[in-house]
Amino acid sequence: MSQLFPKLPLDEWIEVIVDGLDEHLGFVFDLISAAIGGTVDLFNAILTGLPFWLVIILFVLIAYRAGRWTMALFTFIGLLLIQNLGYWEHSMETLALVLTAALISVVIGIPMGIWCAKNESVQKVVTPLLDFMQTMPAFVYLIPAIFFFGLGKVPGVIASVIFAMPPTIRLTNLGIRQVPADLIEASDAFGSTYWQKLTKVQLPIAKTTMMAGINQSIMLALSMVVIASMIGAKGLGADVYRAVTQINIGQGFEAGLAIVIMAILLDRITQGVGKRKNA
């Protein structure tokens with residue numbers, strides 16, 4: 001079918017931009033790769049270096065603190081099942097990737113959300129970018145991640161951050177904007193500085209909404225980390241990918257069950273923390 005206008009060489013433009021970034025900012029990508037790789041290795045060393053029973057006890061205590069005894073019991077049974085099935089080490093590798101991606105998403109997302117809440121112009125620029133980040137197919141993020149950072153855990157984390165960060169930015173922005181205006185006026189009347197008003201009034205009131213965004217980011221990071229197994233990221237995703245390629249239904253179910261358990265634990269714990277913070 002003939003086109004009315006010549007095709008825009010958008011693919012060529014993107015290639016030129018990517019090549020230019022790689023040529024002029026290669027040292028920056030090396031620093032980022034070293035920082036992310038070091039963080040993942042640190043989390044992984046802690047989670048896999050400790051005895052599994054000690055890690056289970058720590059998670060049970062966190063679950064009990066964040067929720068109720070039923071959540072603590074589920075945590076104990078779920079993690080014990082993962083260890084029994086032989087997926088403990090891979091589960092901890094997955095958790096290390098998720099924690100790194102979530103940490104980066106929070107460190108970048110919360111300040112960006114605050115900036116959007118304070119500046120309408122910034123919000124108008126950032127919102128379309130967030131729409132783009134959330135609607136672009138997840139597999140597409142693997143391509144530039146591989147180009148700039150090669151194969152392995154680092155591009156997996158980078159792709160997970162891009163995919164998972166928008167909810168933290170959006171809900172931080174929303175939470176701060178929903179702070180009642182009379183409270184802002186009262187803090188201004190008492191002579192509060194910008195920092196005092198932010199840390200003593202706006203952030204405490206917006207914590208529940210912000211934690212909901214962090215919760216969503218963690219869930220999205222977990223789903224993306226599983227997909228990132230296709231480019232060499234270790235963990236449970238590699239077991240799922242191997243089961244798919246070998247049509248091994250049993251192994252796929254076991255690895256998938258381990259992922260479900262990890263997802264429920266992370267989801268309930270972050271929800272519980274958000275509720276406790278609000279109390």
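Two residues are said to be in contact here when they have heavy atoms within 4.5 Å of each other. With contacts taken in that sense, residues 24 or more positions apart account for 79% of those contacts in the protein chain that have a separation of 6 or more. The model is a predicted one, in which local features need pLDDT of at least 70 and side-chain atom pairs count only at pLDDT 80 or more, while totals for chains, interfaces and linings use all residues. Residues are numbered from 1 along each chain as its sequence is written, and side-chain values use heavy atoms, with hydrogens and water left out.

**Overall build**

- The protein chain holds twelve helices and zero strands, where helices (H or I, at least four residues) and strands (E, at least two) are DSSP runs numbered from the N terminus.
- Taken along the principal axes, the box filled by the C-alpha atoms of the protein chain is roughly 65 × 65 × 40 Å.
- The UniProt record, an unreviewed entry, places the annotation "domain: ABC transmembrane type-1" on residues 91-270, and such annotations may be inferred rather than shown by experiment.
- Over residues 91-270 the chain is 85% helix and 0% strand, with the end C-alpha atoms 18 Å apart.

**Asn-215 and Thr-270**

- Asn-215 is found in helix α10 (residues 194-227), whereas Thr-270 lies in helix α12 (residues 249-278).
- Asn-215 counts as buried because its relative accessibility is 9%, and Thr-270 is buried with a relative accessible area of 11%.
- Although Thr-270 and Asn-215 are 55 residues apart along the chain, their C-alpha atoms are separated by 5.8 Å.
- Leaving aside neighbours within four places in sequence, Asn-215 is in contact with Leu-266, Asp-267, Thr-270 and Gln-271, while Thr-270 is in contact with Met-211, Asn-215 and Ile-218.

Note on methods: Buried means under 20% relative accessible area, exposed over 50%, partly exposed in between (1.4 Å probe, protein chains only).
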